[in-house]
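Good morning, and thank you for coming. Please look at the sequence and the structure as I show them, and keep both in view while I speak.

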Amino acid sequence: MIVMDNNRNSCNPDGSIKRLGSLEPVCNLCHSEISEIGHKKLRVECLNCGKVFKEVAGFLDLRIRSDRYLSLNQERQKAERLSHYESQESLEQLTRRYYQITADVSTERRERFVRHVLDAELRGAALLKRIPEKATILELGTGTGGFMGAALKAGRNAVGVDIASRWLVVARKRIMEMGFQSPATLYPACAEKLPWPDNTFDSVVADSLLEHLENPESAITEMFRVTKPGGTILIWSPNRYWPGVDPHVGLFGVGYLNRSWAEKYVQWRRGDIHWPLSRSPKIWSKMALEVLNSSEVQYQAADFSGWPITDKSIRARIARLLGRMTKTPFMSIIMTQIGPVGEIRIVKPVMDLDSHHMNQVEVF
Ligand SMILES: [Zn+2]
């Protein structure tokens with residue numbers, strides 16, 4: 001049991017602390033309990049295999065590696081550097097600060113990303129509407145904390161992880177700015193090696209994550225592992241066949257090219273930007289079915305109908321309209337094919353445990 005008030009409890013706006021109890025992380029290698037060692041700096045050790053986990057920018061670092069952009073050391077330095085400004089700057093300033101210390105992003109893209117960061121909570125609220133109210137939630141790819149912000153505001157019991165601790169610094173800022181006196185439970189961790197035991201969460205969600213992973217199959221397997229039997233995995237991912245502007249590279253029609261032409265085209269138009277491996281919801285579902293083989297997997301266009309009506313922007317109006325369209329029989333078919341975002345829902349069967357048990361009974 002580790003006690004670390006600034007990172008392991010979610011706080012209500014009035015400052016009262018809500019313990020998360022069973023959602024405590026474990027060793028990412030052997031899934032055994034971890035315990036705090038040392039006094040000055042946060043250091044945690046696995047009670048079984050002895051692996052030691054250190055702190056990064058106030059977070060418990062549970063990663064096995066870094067993302068494709070930075071080495072683990074560079075990543076840690078960047079997060080520390082950003083957290084240095086955290087207390088004096090607003091969410092917007094801190095986001096701009098991030099790009100200031102990231103030289104290789106063009107001004108046009110930077111502005112698009114900053115807008116995206118500031119809007120993220122609205123999209124998070126729409127996604128949250130798709131999850132049962134009492135569910136314990138794990139969010140993968142927390143990024144700048146749009147979903148986590150919406151979840152905390154709604155009083156949900158949620159934990160967020162991201163491979164980039166630098167983005168979690170921004171997420172923490174968002175949560176503090178919302179009036180929570182202490183940040184939510186945020187952990188740098190890898191989607192392919194989650195630091196939780198089997199069957200921990202009622203719901204596992206990931207928005208715009210899978211397309212960035214080199215090995216999405218292992219992330220799907222891990223999501224499934226930490227989901228309780230009867231629990232749900234909900235995935236949102238940009239649809240490759242959306243005829244509008246690609247959200248990552250800002251170009252039309254990229255997804256209609258084959259992979260190598262798409263990459264050449266993006267490179268020609270945008271320089272060094274990487275095009276994530278966007279897929280259609282149908283292809284993601286197929287992958288999930290293959291990886292998990294016995295599960296219930298459904299797909300459709302992402303249901304944005306829960307987009308907060310307080311948001312009157314054009315984008316929000318379109319999102320709500322698209323959300324309503326997913327509920328009409330004919331339009332939903334078209335939306336599933338070419339809507340901007342796909343939604344994949346996986347239910348973990350309760351049967352597995354029972355059938356295992358029955359087999360044992362038969363044997364004896
Ligand atoms: Zn261990």
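This is a predicted model: local features need pLDDT of at least 70, side-chain atom pairs count only at pLDDT 80 or more; totals for chains, interfaces and linings use all residues.

Which residues of α9 are buried? They are P281, W284, S285, A288 and L292. These residues lie on the same side of α9, because they cover an arc of only 100° around the axis. In general, an α-helix has 3.6 residues a turn, so residues three or four places apart point the same way. Just after α9 comes N293, with a positive phi of about 30°.

I turn now to the largest nonpolar core, which has 80 residues. Those touching the most other members are L140, M148, A151, V204, V205 and I235. Helix α6 (residues 165-177) provides the largest share of this core, 6 residues. As for L140, beyond its neighbours within four places in sequence, its contacts are V161, A191, V204, A206, L209 and M223.

Finally, consider a pair of helices. Helix α3 (residues 91-100) packs with helix α4 (residues 107-128) at an angle of about 145°, and their axes are 10 Å apart. The contact involves E92, T95, R96 and Y99 from α3, and R110, V114, V117 and L118 from α4. The crossing of α3 past α4 is right-handed.

Notes:
Residues are numbered from 1 along each chain as its sequence is written. A residue is buried if 20 or more other C-beta atoms lie within 10 Å of its own, exposed if 12 or fewer, and partly exposed in between; C-beta atoms are placed from the backbone. Helices (H or I, at least four residues) and strands (E, at least two) are DSSP runs, numbered from the N terminus. The arc is that of the directions from the helix axis to the C-beta atoms. A nonpolar core is a set of buried Ala, Val, Leu, Ile, Met, Phe, Trp, Tyr and Cys residues joined through C-beta atoms within 7 Å. Two residues are in contact if their C-beta atoms, placed from the backbone, lie within 7 Å. Axes are lines fitted to C-alpha atoms, for helices over the stretch in contact, and angles run from 0 to 180 degrees between N-to-C directions. A crossing is left-handed if the near helix is turned anticlockwise from the far one by less than a right angle, and right-handed if clockwise.
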